[in-house]
Amino acid sequence: MGNRIIHSISLGTVLFAVWLVLSGHYTFFITTLGILSCALVVSIMQRMDLIDHEGHPIHLTWRAFTYIPWLIIEIIKANIDVLKLILSPSLPATPTLLRVKASQTSDLGQVIYANSITLTPGTISVDVANGEILVHALTRSGAEDLMDGEMDRRVTRMVGEDK
Amino acid sequence: MSGTIIDILSWALIILGAFSLITGAVGVLRFPDVYTRMHAASITDTLGAGTIILGLILQAGLTLVAAKLLLILVFIFFTSPASSFALAHAALSSGVEPILDADLREDDKESSS
Amino acid sequence: MFAAATAALLITMIMALIRAIKGPSIYDRIVAVNMFGTKIVLMIAVLGFLMGRPEFTDIALVYALINFVGTIAVLKVFKYGDLARAHDDEEPL
């Protein structure tokens, strides 16, 4: 129950931060209206029972700061590979369909893993079922990189499910 | 002085973004089937959009516009994999067979079971 | 410099349009249109700077959200012919 209050407070804070960025008018009256509308949204979400730790994962915030820079570097490396492939005259693509194991137990972990795979150019996740992700890879070497499981391990560590 | 450095950096980012956008579009035209074309489209969504928006942020400086541009980048990075996944899933489940060099679906299933 | 970025975006959008017209399957067209939408978001943002009116980013922000919802909606209509149903009963591929 205490968890729920923390999640509500963090949701309200995030909503108000977005409001501050989008508004640009900071007179007393308008800011009050902003705070009231954020509070209204939080109370509606309370009633709809949408505030839980899957939808609003504040427990991941600090670990995400180490995962996201690594993911961005991976994305840039994969981008360079695919750019080279497109610009080479013979187009040496070796498309591969493969299944990789997602060792995360929670839905949230699997969603983060599948989204990370799709965000990296050269690999697209096509289906998530039974703890496995069906991946379409543009090249064989990209598929083999994925099968090494480096990204899987990092996502598992980030959602805090490693032993 | 620091203004010029930021200008040069942001222009370099925008040029890089323009280059990757056009390359991605060439890929969309050159690749043979839906799934490979999606890989090319995802370049323009990650590297192209990322570098152009970062270049614009450097031009905007520390203003509200920069924060909004950052918000656009975050939205693109959250929504683009979701729509790619939905597209690939819909295409494969409606029976559009990918052109494959190696199909490791069944191999993996047997080795894991 | 912003003009160069705008030109690159226009070339990209023309190529995406060519793919959208050529097809051949409906999914090729959706890939092209989705890519076109992301390019429009960038185009609005760059045009804001080119014309000296950075307030255009608000419109770009809204367009980024609409583009995502639009892609999902078009896919759902083509797959099920209906927007209102929930589909939890899918077989794994």
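This is a predicted model: local features need pLDDT of at least 70, side-chain atom pairs count only at pLDDT 80 or more; totals for chains, interfaces and linings use all residues.

Me: What pattern does chain A follow along the sequence?

Reply: Chain A has six helices and three strands. Helices (H or I, at least four residues) and strands (E, at least two) are DSSP runs, numbered from the N terminus. Read along the sequence, the pattern is α-α-α-β-α-β-β-α-α.

Me: What is the radius of gyration of chain A?

Reply: The radius is taken over C-alpha atoms, and the globule rule is 2.2 Å times the number of residues to the power 0.38. For 163 residues that rule gives 15 Å; chain A is well over this, so it is more spread out than a compact globule. Its radius of gyration is 20 Å.

Me: What share of the residues in chain A is buried?

Reply: Buried means under 20% relative accessible area, exposed over 50%, partly exposed in between (1.4 Å probe, protein chains only). Chain A has 163 residues. The buried share is 44%.

Me: Which pattern does chain C follow?

Reply: Chain C has zero strands. Its helices number three. Along the sequence they read α-α-α.

Me: What radius of gyration does chain C have?

Reply: The C-alpha atoms of chain C fill a box of roughly 50 × 30 × 20 Å along the principal axes. A compact globule of 93 residues would come out near 12 Å. Chain C has 16 Å.

Me: How far does helix α1 of chain C reach from its first C-alpha to its last?

Reply: Helix α1(C) covers residues 2-22, 21 residues in total. The expected span is 1.5 Å times one less than the number of residues. That gives 30 Å, and the helix is close to it, reaching 30 Å.

Me: What covers the buried residues of α1(C)?

Reply: Among those buried residues are F2(C), L9(C), M13(C) and R19(C). Chain B contributes cover through α1 (2-30) and α2 (34-60). The cover also includes, from chain C, α2 (26-50).

Me: Which residue follows α1(C)?

Reply: The phi of this residue is positive. Its value is near 75°. The residue is G23(C).

Notes: Residues are numbered from 1 along each chain as its sequence is written. Chains are lettered from A and ligands numbered from 1 in the order in which they are written. Side-chain values use heavy atoms; hydrogens and water are left out. Contact means heavy atoms within 4.5 Å.
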